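Q: I have a structure open and would like to go through it piece by piece. Could we start with how the helices pack?

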Amino acid sequence: LWFRGHKNVSYKLNSGLYRISKEEEIISNKENDIFNCFINYGDMYCSKYNENKDWNALFLMQHYGLYTRLLDWTDSLVTSLYFAIRDHIDGIDACIWVLDPISLNKSNQKLYEKGIDKGFDNIGLLSVDTLPQRIKKYTNYFEQRIQIGSFSIVPRRNNERLISQNGFFTVQGTSNQPLEEEVKSKEKVFLKKIILSNDFCLESKDFLKISGINYYSLYGGIEGLCYYIKNELLHLKLDNL
């Protein structure tokens, strides 16, 4: 099972890309702009990817805050709890979503094309090496305007944050629906929401502290260390004197 924490119980399972607009034309154009800007300005970060450069660049973009059609998941329940309560707003319930990634992929009848893709009749977890031919190149999403449902993918652990967060992704489909709405009619998809009460969120902060789950343990790097010291260890706040 994969888990995803939301600080607000009302938040939908929408990727960053689908929070920009509700219009398909705008979404496609923005996806094009974001990806090409990153590839052009940040090629030094992507040049190490000799194979599947598009998708590996996309994983990198997601973990450093760009808006993509990826949605972050983890197979660590305590990691998802951290993200649910890190920026918890007192008085508002949080939640953790639970997903069976294989059941999601098996429900996506149009993921593979018979006669073109091998393994279309035995869909399990996907990686960049086993993607359908029509999206072997991620750019087909906005260059060919393909129509495809959401699916789960196991990324290569090619950056520190993916490793420390036990990260996985769902790739949002082109129906312009959040995942929970897209799978409503698919009875075999396991997707559940666990509501975390306001009191539970407040109490869980101590549990995460003694469990060693914090910003630095999940993000790593000197940036993660400085954020942890400033905001979670010493709770430093500036005052304009």
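Q: At roughly what angle do the axes of H1 and H3 cross?

A: This is a predicted model. In it, the axes of H1 and H3 cross at roughly 95° and come within 11 Å. H1 is therefore roughly perpendicular to H3.

Q: Which residues make that contact?

A: From H1, the contact is made by Ile-34, Phe-35, Phe-38 and Ile-39. From H3, Asp-54, Ala-57, Leu-60 and Met-61 take part.

Q: And by class, what does the contact of H1 with H3 have?

A: It has 7 nonpolar residues, no polar ones and 1 charged residue.

Q: Which elements give two or more residues to the largest nonpolar core?

A: The largest nonpolar core has 32 residues, and those touching the most other members are Trp-55, Phe-59, Ile-135, Tyr-141, Phe-151 and Ile-153. Two or more residues come from each of helix H1 (24-41), helix H3 (53-63), helix H6 (140-143), strand S4 (151-153) and strand S5 (167-171). The most is given by H3, with 6 residues.

Q: What is Trp-55 in contact with, beyond its neighbours in sequence?

A: Leaving aside neighbours within four places in sequence, Trp-55 is in contact with Val-128, Leu-131, Ile-135, Lys-136, Lys-137, Tyr-138, Tyr-141, Phe-151, Ile-153 and Val-171. Apart from this core lies another one, of 16 residues, including Tyr-82, Ile-85, Val-98 and Tyr-219.

Q: Let us turn to the strands. Is S5 enclosed or open?

A: S5 is largely enclosed by the rest of the structure, because 5 of its 5 residues are buried. Both of its faces are covered. Gly-167, Phe-169 and Val-171 lie on one side, Phe-168 and Thr-170 lie on the other, and all are buried.

Q: Which strand pairs with S5 over 5 bridges, and in what sense?

A: Strand S2 (residues 70-74) pairs with S5 in the antiparallel sense over 5 bridges. Within that pairing, Leu-71 has Thr-170 of S5 as its bridge partner.

Q: How many bridges are there between S4 and S5?

A: S4 and S5 pair over 3 bridges, in the antiparallel sense. Phe-151 stands opposite Val-171 in S5. Phe-151 and Val-171 are both among the contacts of Trp-55.

Q: What about S1: how many of its residues are buried?

A: In strand S1 (residues 2-6), 5 of the 5 residues are buried, so S1 is largely enclosed by the rest of the structure. Trp-2, Arg-4 and His-6 point one way, while Phe-3 and Gly-5 point the other way.

Q: Why would they point in two directions?

A: In a regular strand, side chains alternate between the two faces of the sheet.

Q: Which residue in S3 stands opposite His-6?

A: Cys-95 of S3 stands opposite His-6. S1 and strand S3 (residues 94-99) pair in the antiparallel sense over 5 bridges.

Q: A change of topic: where is Leu-196, and what does it touch?

A: Leu-196 lies in strand S6 (residues 191-196). Not counting residues up to four places away in sequence, Leu-196 touches Leu-81, Ala-84, Asp-93, Ala-94, Cys-95, Ile-96 and Cys-201. Leu-196 counts as buried because its relative accessibility is 5%, where the cut-off is under 20%.

Q: What separates the C-alpha atoms of Leu-196 and Asp-93?

A: They are separated by 5.7 Å, with the two residues 103 residues apart along the chain. For Leu-125 and Asp-93, which are 32 residues apart along the chain, the C-alpha atoms are separated by 32 Å.

Q: Where is the place of Leu-125?

A: Leu-125 is in the loop between helix H5 (101-107) and H6, and counts as partly exposed at 42% relative accessibility. Leaving aside neighbours within four places in sequence, Leu-125 is in contact with Trp-2, Pro-101, Ile-102, Asn-105, Thr-130 and Val-154.

Q: One last topic, backbone angles. What is phi of Arg-145?

A: Phi of Arg-145 is near 55°, a positive value in a residue other than glycine. Arg-145 is in the loop between H6 and S4 and is partly exposed, with a relative accessible area of 33%.

Q: And Asn-166: what is its phi, and where is its place?

A: Asn-166 has a positive phi of about 50°, although it is not a glycine. Asn-166 is in the loop between helix H7 (160-164) and S5. With a relative accessible area of 29%, Asn-166 is partly exposed.

Methods:
Residues numbered from 1 in each chain as written. Predicted model: local features only at pLDDT ≥ 70, side-chain atom pairs only at ≥ 80, totals over all residues. Heavy atoms only, no water. Core = buried A, V, L, I, M, F, W, Y, C linked by side-chain atoms within 4.5 Å. Buried < 20%, exposed > 50% of the residue type's maximum accessible area, 1.4 Å probe, protein only. Helix = DSSP H or I, 4+ residues; strand = E, 2+ residues; numbered from the N terminus. Contact = heavy atoms within 4.5 Å. Axes fitted to C-alpha atoms, helices over the stretch in contact; angles between N-to-C directions. Parallel < 35°, antiparallel > 145°, perpendicular 65-115°, else oblique. Nonpolar A, V, L, I, M, F, W, Y, C, P; charged D, E, K, R; others polar. Pairing = 2+ DSSP bridges.
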